[in-house]
Amino acid sequence: MSNTVMHRTGDRPQRFTLNTNQKAFLLFLLILGVVLLFWEAGARLGWFSQLMPSASATMKEFWWWISNPFFDYGPNDKGIGWLLLTSLRRVLLGFAIGSAIAIPLGILIGLSEVAARAVDPFIQILKPVSPLAWLPLGLGLLKNSESTALFVIAITSIWPTLINTKFGVSHVDQSYLDVTRTLGASRWRTLSRVILPAAAPYIVSGLRISIGIAWLVIVAAEILVGGSGIGYFVWNEWNNLKITSIITAILIIGVVGLLLDRLFGLLQAWVAFGQKL
Amino acid sequence: MTTHTSLIRTAAMSASAQLSVSNVSKTYFGKRDWFSRATRKATLDYTALEDINLEIEPNTFVSIIGPSGCGKSTLLNIIAGLSQPTAGTVAIGGTPINGPGPDRGVIFQNYALMPWMTVLDNILFAIETVKPKLSVSRRMAIAQEHIDLVGLRGAEHRHPHELSGGMKQRVGIARALAIDPQILLMDEPFGALDALTRGFLQDEVERIWEQQRKTVILITHSIEEALLLSDKIVMMTRGPEARIARILDVPFSRPRHRESLDQQAAYHALKAEMELHLSQETRAVEESRIRRKAASEA
Ligand SMILES: Nc1ncnc2c1ncn2[C@@H]1O[C@H](COP(=O)(O)OP(=O)(O)O)[C@@H](O)[C@H]1O
Ligand SMILES: [Mg+2]
């Protein structure tokens, strides 16, 4: 009897407490509401420049772009789906080229101390260069805007993957190598069955950083090179003074970047087998 | 003169020995280049082992016990071929070794299982590497046999991160035995396990050893473990320049059981002797540390 009473009184306050996730979600909604309200009021009361659309107008436009992603009325009038596909194709192709250079080279310099020291000055000097600085060089070398975009993305994708691959390959747990040595495994077998799987989580985390940077860079590259893609769209809509389209594009670029990152996050978990980086 | 007699002695004894360690010394050379000195990371040379001689007969279970840091792992790694002695040789069946090889199966304290391979794949990897000419079905049969031997039937397709420490070390044992080595080397294989699991695995090792009677070298810091499992116990002195202080014979009948072990004649005498040795050596290590600390602070 007294037990049930205590139980009830103990239970009651819990009905109105929220867990961390729920609290965070409410706070998120609050922040979102405040931002939208400020934006709407600012646009209507003329706090911003004349060009700035209201939040409600932007949301309507956003919905229009989203609900009809695959129309095609000529080169400068395509749905957001086509624009994204064009940019994604470029990024993935450039990223594949960059990775195809970075992973084998990373393995090589991870295995050979001499090669690592020889290549290190190149990496150290080229890594901090903004990818866009390569653009004019790409145009000069390749004379073609499409190849130049790929060239810039490829160069961008190299560094994080290269450095992570090198680290992963050269920091394989000594006890794994001791096992292969006591078994008398060949160099090739040690590499393919032990070193590469052990380095895989590092390689994938390099790829994850690389694709993130490549997605950052593609927008800038397309603005500069022109022609097609989501970056070119942003620039084109600026020339048409259509800020609503630009905001739409910004949100969609963000979402796609997030999805790419999550995809590589899944891949990372898939190759980790409980290992912590 | 002394080297001469010791040479004769080793030559005479190695006739029946399966493994002979002759005059093995190991010095870890310090760093004294200008860069290490400038960054105050210079270290002195450290002689871990000095003139170790050890003969091991076939089908013997030998434990090595000594104060922590005396050089037990160093000695085992030299026998495994993973590390080179500064002087002396290790020979198996009279042939000096030069490097690691599948005639010696190693069981590691941290298990050293490949996380991306299942239990079965870890064992198959070892078999395939050592015996690439075996047929696939034969390899599978050997792997399954050893999985059964260590009592892991049903866990074949799990990955190491899904196993407890005790189960991981069972895989380690199965992998080492599956390549059918002449000698099994174990470096504190149960050191990372809780007391109960450690007891279970010791019993398992005793049971498996009764079946296979392979030559085993076990490094341990547990007196009970050494007494339960060994035919001979090698007691080492403290480092630097660690030597073998004494080799004890453990004449207990087999199979042995943990519960009735203390009823074996000589159990208490052996245990007391080992305790005395270990506590003396450990106390001396502590005292020299305190003295060194006081000297460096003065
Ligand atoms: N790679 C190394 N370089 C320098 N000193 C080492 C190295 N490995 C071990 N030592 C030293 O050698 C001694 C013996 O080490 P170890 O064989 O691991 O001892 P144990 O296994 O008996 O605890 C220790 O004092 C340790 O500090
Ligand atoms: Mg040790």
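The model is predicted, and the values below were computed from it. In the model, 18 residues of chain A are in contact with 23 residues of chain B, and ligand 1 is surrounded by residues of chain B, among them B:Tyr28, B:Tyr46 and B:Gly69.

- Of the area that chain A buries against chain B, 36% comes from A:Thr182, A:Leu183 and A:Phe273, which is more than any other three residues supply.
- The rule finds two salt bridges across the interface of chain A and chain B, and one pairing that can be looked up in the structure is that of B:Glu128 with A:Arg189, whose closest N and O atoms are 3.1 Å apart.
- As background to such pairs, side chains of opposite charge can pair when their charged atoms come close.
- Six residue pairs in polar contact, with both residues at pLDDT 80 or more, are also found across the interface of chain A and chain B.
- On the side of chain A that touches chain B, helix 8 (174-183) and helix 9 (187-225) of chain A each supply at least two residues, and helix 8 gives the most, with eight residues.
- Sorted by class, that side of chain A has eight nonpolar, six polar and four charged residues.

**The surroundings of ligand 1**

- The shell around ligand 1 includes a run of neighbours in chain B, namely B:Ser68, B:Gly69, B:Cys70, B:Gly71, B:Lys72, B:Ser73 and B:Thr74, and B:Tyr28, B:Tyr46 and B:Ala48 also belong to the residues that surround the ligand.
- Two tyrosine side chains approach ligand 1 with an N or O atom: for B:Tyr28 the distance to a nitrogen atom of the ligand is 3.3 Å, while for B:Tyr46 the distance to an oxygen atom of the ligand is 3.5 Å.
- B:Gly69 takes part through its backbone, where an N or O atom lies 2.7 Å from an oxygen atom of ligand 1.
- Taken alone, ligand 1 exposes 560 Å², and the protein buries 58% of that.
- Strand 2 (46-56) and helix 3 (72-80) of chain B each supply at least two residues of the shell around ligand 1, and helix 3 of chain B gives the most, with three residues.
- By class, the shell around ligand 1 divides into four nonpolar residues, five polar residues and one charged residue.

**Salt bridges in the structure as a whole**

- Over all chains, the structure holds 28 salt bridges.
- In chain A, the side chains of A:Glu61 and A:Lys242 meet in a salt bridge, with a distance of 3.8 Å from N to O.
- Because A:Glu61 lies in helix 3 (residues 55-67) of chain A and A:Lys242 lies in the loop between helix 10 (230-239) and helix 11 (243-272) of chain A, the pair ties together parts that are 181 residues apart in sequence.

**Backbone details in chain B**

- Most residues other than glycine have a negative phi, and most peptide bonds are trans.
- The peptide bond from B:Arg254 to B:Pro255 is cis, with omega near -5°, and B:Pro255 has its place in the loop between strand 10 (244-249) and helix 9 (267-297) of chain B.
- B:Ala266 lies in the loop between strand 10 and helix 9 of chain B, and the phi of B:Ala266 is near 75°, a positive value in a residue other than glycine.
- B:Asp180 is not a glycine either, although B:Asp180 has a positive phi of about 50°, and B:Asp180 is found in the loop between helix 6 (165-178) and strand 7 (183-187) of chain B.

How values were computed. Residues numbered from 1 in each chain as written. Chains lettered and ligands numbered in written order. Predicted model: local features only at pLDDT ≥ 70, side-chain atom pairs only at ≥ 80, totals over all residues. Heavy atoms only, no water. Contact = heavy atoms within 4.5 Å. Buried area = accessible area lost by both parts, 1.4 Å probe. Salt bridge = Lys/Arg side-chain N within 4 Å of Asp/Glu carboxyl O. Polar contact = N/O pair within 3.5 Å; in protein donor to acceptor, adjacent residues only side chain to side chain. Helix = DSSP H or I, 4+ residues; strand = E, 2+ residues; numbered from the N terminus. Nonpolar A, V, L, I, M, F, W, Y, C, P; charged D, E, K, R; others polar. Near = heavy atom within 4 Å. Areas by Shrake-Rupley, 256 points an atom, 1.4 Å probe, with all protein chains shown as cover.
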